[in-house]
Amino acid sequence: MREVYVAGIGITSFTRLEYPLVEIAAYPGLMALRDSGLKKIDQLYVANMGSGRVNAQTGLASAVVDHLSLTPAGAVTIENGPASGASAIKEGFMAIASGMHDVVMVIGAERMREVNQLEATDFVATLTHPLAEYIYGVTLPSLAGMFARLYMEKYGVTSRHLAMVAVKNHHNAMDNFYAHLHEEITLEGILDSPEASTNNPYVADPLRFYDMCPVSDGGACLILTTAEVMKKINKPMIRIAGIGQATDTHAVHERKDPTDLLAVREAARQSFEMAKVKPQDVDVAELHDAFTILEIAESEEVGFFKKGEGHIALEKGETKIGGKIPINPSGGLKAKGHPVGATGVGQAHEIVLQLRGEAKKRQMQNAKIGFTCNFGGFGNNVVCLTFIKEK
Amino acid sequence: MSVDVEKILRPIDTSLPPFPAKFMTLSNGQEMMVRQVNRDEIPDILPHVEKLMHVERDYYHIVAARVYAELLAYYTYRVQDEYVLIAQVDGEIVAVVNGRIVNPDIGMSYHTLAMRRGLRVGAHTFAAKMEYHIDILKQKEVLIVAESPIGFRRWMIEYKLEKRFHIPHELGGCPSWSLTKELFDRARNTLVVGRRPVPEKLLAKAHAAILPPTDPPKPPEDLLAATRSMLDNTGTSLIEMKRRLGGM
């Protein structure tokens, strides 16, 4: 296999964008071309989850490649639920590593706010089991609520720990120009004050408003290439060193222990093994905190902390910027935003910024190894990536 | 002569009970106080409203223009039975709400203008306004419209307002919605917050000066951004369009 590097990156704000999905996908592509200095690509992968349903547009990659004037490059749309982004990066990686292509553009894009929040929640819920879950009204917040309740009972996680994740990630997002939410919050304001139940109402008990990610539009792009091309463009050598992907049962209740995120554990293991690093070697990570409980659970499953101790590390400040292992310096899905198909690419964008040393105020000093966990379904399709900065 | 004309032009206000100030903790931990302002304080508020007339996003421009006119009308005695409440954080004005009394039973909600976005600043201040109509003035219902989708979500959906489409609202003759006492009672435990009495320190700070908003809604960087991507604060589309046009 050939080594694969990130040559260029681009991103839009994750927020409500008032232009067509094709443009949401195209702008970060243009930015990444400019960042890399490259003008041509061999292949485009566009990660997207819901354009056919939400935006009445299918064949998105075909539209984007033309919009970018990059024809006759090949173009493929990849739909893999909320893990579409990292799944597309995996496909791009394989295309380069196999020797089939030299320059691949991977874009993630989603425009969810074209519909109202109820429709958006329903659209995401279509990834649940159609007969065992969806028809009974299961949504992702409801699954996360049940998961959180079990986790709290089993490991002693409290509502305060969940709120601490939200406070941390909102704080991180304050320094991220592209983040959806620029709003500091405090434990007093969302948990302790007499007004907390109105400021932060229950959405899916025990999860509350500030435990949920926002519904976002947005796009992000990575251009992947070979070591040979990298020598010509004078960009930092950020290598995709490890990729892992694993699945679990479609219906959550079929799992032996629903609090065990086996696909996260396995995908992370594969990724670290391929990269020849250990979880403790990671300098900075972006985890899929669509709900605050997931940041805690994933931080344990990927191996940063022992099972049941993620919330203790959080209490100690180990996951803050400057801590032992900073998690979600971008603000995470919680505050940076979650345009589902774009999220995995957005996570990789943040890690590349961190490894390049271009993350400004939220920069983790001397970061050399970065990690992402893109969590699809409710943990039934997970892709983990490990990035290494080379000299 | 001019004095006589002024008597004709100037409506006679009904004597209304005052809104007792209250305070609440926001999601960011800051304490926000909502209080009624009198006519003398209107000139201190107008400049902050005026700036928002130039913010072309989420209908701030039209709401600010109308609020400005309503405050001016109140200040110059050209509207009957209007009241104005403001929200302040450390003296800084963060929201203005106003309305009018149509008759003893019916109130007319005018506007809610949040000068700081997020944190339910506007929602908390709107709730205080409804509390004034229903609890203090003992009215049976308040007629409401929304200019922006955000307002529609906050008032029509959150409070589950009833339709009164046969009644044109004073704001542009739009079909009215109604918050009845029954609806307000249902929302009371979840949407209406605040504590009384307000600590002396907070009261003193709020009355000392109406300070300008430190983080008001900002206009898009230019017209292209305004029309193409009102909330895209990176102006991604703008950057790329300019690049294509050779501007950068």
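This is a predicted model: local features need pLDDT of at least 70, side-chain atom pairs count only at pLDDT 80 or more; totals for chains, interfaces and linings use all residues.
Q: How many aromatic pairs does the structure hold over all chains?
A: The structure holds 15 aromatic pairs, counted over all chains. One of them joins A:Phe147 and A:Tyr151, with 5.3 Å centre to centre and 35° between the planes, and this pair is tilted.

Q: Where do A:Phe147 and A:Tyr151 lie?
A: Both are in helix α6 of chain A, residues 140-155, and they are four residues apart, about one turn of the helix.

Q: Buried or exposed, those two?
A: A:Phe147 and A:Tyr151 are both buried.

Q: And why is the pair of A:Phe272 and A:Phe371 called stacked?
A: The planes of A:Phe272 and A:Phe371 are at 20°, with ring centres 4.7 Å apart, so the pair is stacked; planes under 30 degrees apart count as stacked.

Q: Which parts does that pair tie together?
A: A:Phe272 belongs to helix α11 (residues 262-275) and A:Phe371 to strand β10 (residues 369-376), so the pair ties together parts of chain A that are 99 residues apart in sequence. A:Phe272 is buried, at a relative accessible area of 4%, and A:Phe371 is buried at 0%.

Q: Changing topic: which ring does the charged end of B:Arg39 sit over?
A: The charged end of B:Arg39 sits over the ring of B:Tyr77, 3.8 Å from its centre. Likewise, the charged end of B:Arg196 sits over the ring of B:Phe19, 5.3 Å from its centre.

Q: What helices and strands are there in chain B?
A: Chain B has nine helices and eight strands. Of its 248 residues, 51% are buried.

Technical notes. Residues are numbered from 1 along each chain as its sequence is written. Chains are lettered from A and ligands numbered from 1 in the order in which they are written. Side-chain values use heavy atoms; hydrogens and water are left out. Helices (H or I, at least four residues) and strands (E, at least two) are DSSP runs, numbered from the N terminus. Buried means under 20% relative accessible area, exposed over 50%, partly exposed in between (1.4 Å probe, protein chains only). Rings of Phe, Tyr and Trp (its six-membered ring) pair if their centres lie within 6.5 Å; planes under 30 degrees apart count as stacked, over 60 as edge-to-face and the rest as tilted. A charge sits over a ring if NZ of Lys or CZ of Arg is within 6 Å of the ring centre and within 35 degrees of the ring normal.
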